[in-house]
Amino acid sequence: MKEKLNRIVEEATSRIESSDKLDVLNDIRVAYLGKKGELTSVLKGMKDVLPEDRPKVGQLVNDARKAIEDKLEEKKAAFEKKVREDRIKAETIDVTLPGHKPVSGHKHPNTIALDDVERIFIGMGYEVVEGPEIEYDYYNFEALNIPANHPAKDEQDTFYINSDIVLRTQTSSVQVHEMEKGKLPIRMIAPGRVFRSDEVDATHSPSFNQIEGLVIDKNVTFADLKGTLAQFAKDMFGEATKVRFRPHHFPFTEPSAEMDVSCFKCGGSGCRFCKGEGWIEILGCGMVHPRVLEMRDIDSEEYQGFAFGIGLERIALLKYEIDDMRLLYENDVRFLSQF
Ligand SMILES: [Zn+2]
């Protein structure tokens with residue numbers, strides 16, 4: 001009996017030694033220790049053993065089982081160690097390899113310029129509001145003191161959806177919506193897209209962006225307008241920037257003006273950038289026309305206001321020295337990646 005057990009253990013050991021896969025070890029376990037395994041069949045033969053010999057034989061069988069189990073465990077551990085080592089080897093990182101630089105997006109020059117304008121006016125206590133791009137003719141024109149048959153309606157080359165509805169030609173329409181809310185004082189800017197049926201060239205596009213500004217309060221004067229816009233120009237283009245106002249005409253403001261800033265390239269002495277003028281036109285502005293206030297039931301004796309309209313693209317073109325507006329819309333990554 002003892003010899004038979006020894007033979008079984010030896011045979012199992014050699015099979016375990018020569019196994020090359022974890023699966024094979026399982027097969028061996030089943031073949032020797034399983035329900036129908038060789039060692040189990042020896043145990044089944046115990047009934048033929050004399051009762052006084054049974055404890056001794058039982059001990060021998062247990063020893064054999066233990067020997068095979070130990071060998072299996074040992075081999076299994078060796079396998080697992082090898083698998084682990086192989087994996088670590090495969091996962092080794094060569095820290096000397098050059099890295100992959102991730103390509104990240106960034107803001108469009110228009111957005112950068114708008115962020116700057118918003119930051120400056122929010123800093124002065126203005127609220128940023130929005131209005132509809134598709135607008136009633138009334139809000140775009142009549143409520144801004146541009147009656148039917150007014151030449152400004154033709155000048156602006158409006159896209160009409162039907163006789164009452166237009167694509168707004170100016171963000172000034174948002175002024176009307178703000179005044180309609182009936183809450184005074186008002187201190188707002190309204191950035192947004194406007195539409196005019198212009199041909200595309202270096203300085204025109206059928207769709208571009210404006211930033212409308214409106215202040216309505218008691219005792220507002222042209223001096224407030226000048227002070228506010230002069231401060232804006234300094235914050236936007238540099239502390240040394242000077243401003244000048246030239247008389248102009250807009251139907252919804254009286255008096256009206258256009259504001260120039262001193263050329264931030266040459267400081268005013270004249271250069272190619274400012275076409276030798278020393279000044280660059282950046283916005284239109286004026287005191288809100290009393291009729292515009294009265295149409296919204298605001299007492300123009302008690303309340304006054306000023307308004308301004310900034311071309312966002314104009315600011316972006318100036319600030320980043322871009323000489324063709326089309327570049328802002330073509331989304332050529334070679335151009336955009338410079339900002
Ligand atoms: Zn200049």
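At 2% relative accessibility, Cys 263 counts as buried. The model discussed here is a predicted one.

Q: Which protein atoms are the donors of the zinc ion, and how far from the ion do they lie?

A: In this predicted model, the donors that the protein supplies to the zinc ion are the SG atoms of Cys 263, Cys 266, Cys 271 and Cys 274, lying 2.3 Å from it. Along the sequence, these donor residues follow the spacing C-x2-C-x4-C-x2-C. Cys 263 and Cys 274 both lie in the loop between strand S7 (253-262) and strand S8 (279-288), so the pair ties together parts that are 11 residues apart in sequence.

Q: What arrangement do the 4 donor atoms around the zinc ion make?

A: Four donors count as tetrahedral if all angles lie between 85 and 135 degrees. Here the 4 donor atoms subtend angles of 104 to 111 degrees around the zinc ion, and the arrangement is therefore tetrahedral.

Q: Is Cys 274 buried or exposed?

A: Buried means under 20% relative accessible area. Cys 274, at 4% relative accessibility, therefore counts as buried, and Cys 263, at 2%, counts as buried too.

Q: How should I read the packing of helix H1 and helix H2, and at what angle do they pack?

A: Two packed helices are described by the angle between their axes and by the distance between those axes. Helix H1 (residues 2-18) packs with helix H2 (residues 22-33) at an angle of about 170 degrees, and their axes are 10 Å apart. That angle makes H1 roughly antiparallel to H2.

Q: Which residues in H1 and H2 meet?

A: From H1, the residues Ile 8, Glu 11, Ala 12, Arg 15 and Ile 16 meet Leu 25, Ile 28, Ala 31 and Tyr 32 of H2. Sorted by class, this contact of H1 with H2 has 7 nonpolar residues, 2 charged residues and no polar ones.

Q: Where is Ile 216 found, and which residues is it in contact with, leaving aside its neighbours within four places in sequence?

A: Ile 216 is found in strand S5 (residues 207-218), and at 0% relative accessibility it counts as buried. Leaving aside neighbours within four places in sequence, its contacts include Met 179, Leu 184, Pro 185, Leu 293 and Tyr 303. Ile 216 and Tyr 303 are 87 residues apart in sequence, while their C-alpha atoms are 6.6 Å apart in space.

Q: Is His 249 buried or exposed?

A: His 249, found in strand S6 (residues 243-250), is exposed, with a relative accessible area of 52%. His 249 and Pro 206 are 43 residues apart in sequence and 23 Å apart in space, C-alpha to C-alpha.

Conventions
Residues are numbered from 1 along each chain as its sequence is written. This is a predicted model: local features need pLDDT of at least 70, side-chain atom pairs count only at pLDDT 80 or more; totals for chains, interfaces and linings use all residues. Side-chain values use heavy atoms; hydrogens and water are left out. Axes are lines fitted to C-alpha atoms, for helices over the stretch in contact, and angles run from 0 to 180 degrees between N-to-C directions. Helices (H or I, at least four residues) and strands (E, at least two) are DSSP runs, numbered from the N terminus. Angles under 35 degrees count as roughly parallel, over 145 as roughly antiparallel, 65 to 115 as roughly perpendicular and the rest as oblique. Contact means heavy atoms within 4.5 Å. Ala, Val, Leu, Ile, Met, Phe, Trp, Tyr, Cys and Pro count as nonpolar, Asp, Glu, Lys and Arg as charged, and the others, Gly among them, as polar. Donors are N, O and S atoms within 2.8 Å of the metal (3.2 Å for Na, K and Ca); water is not among the atoms, so sites may look incomplete. Four donors count as tetrahedral if all angles lie between 85 and 135 degrees; four count as square planar and six as octahedral if opposite donors are over 155 degrees apart and all others between 65 and 115; anything else is irregular. Buried means under 20% relative accessible area, exposed over 50%, partly exposed in between (1.4 Å probe, protein chains only).
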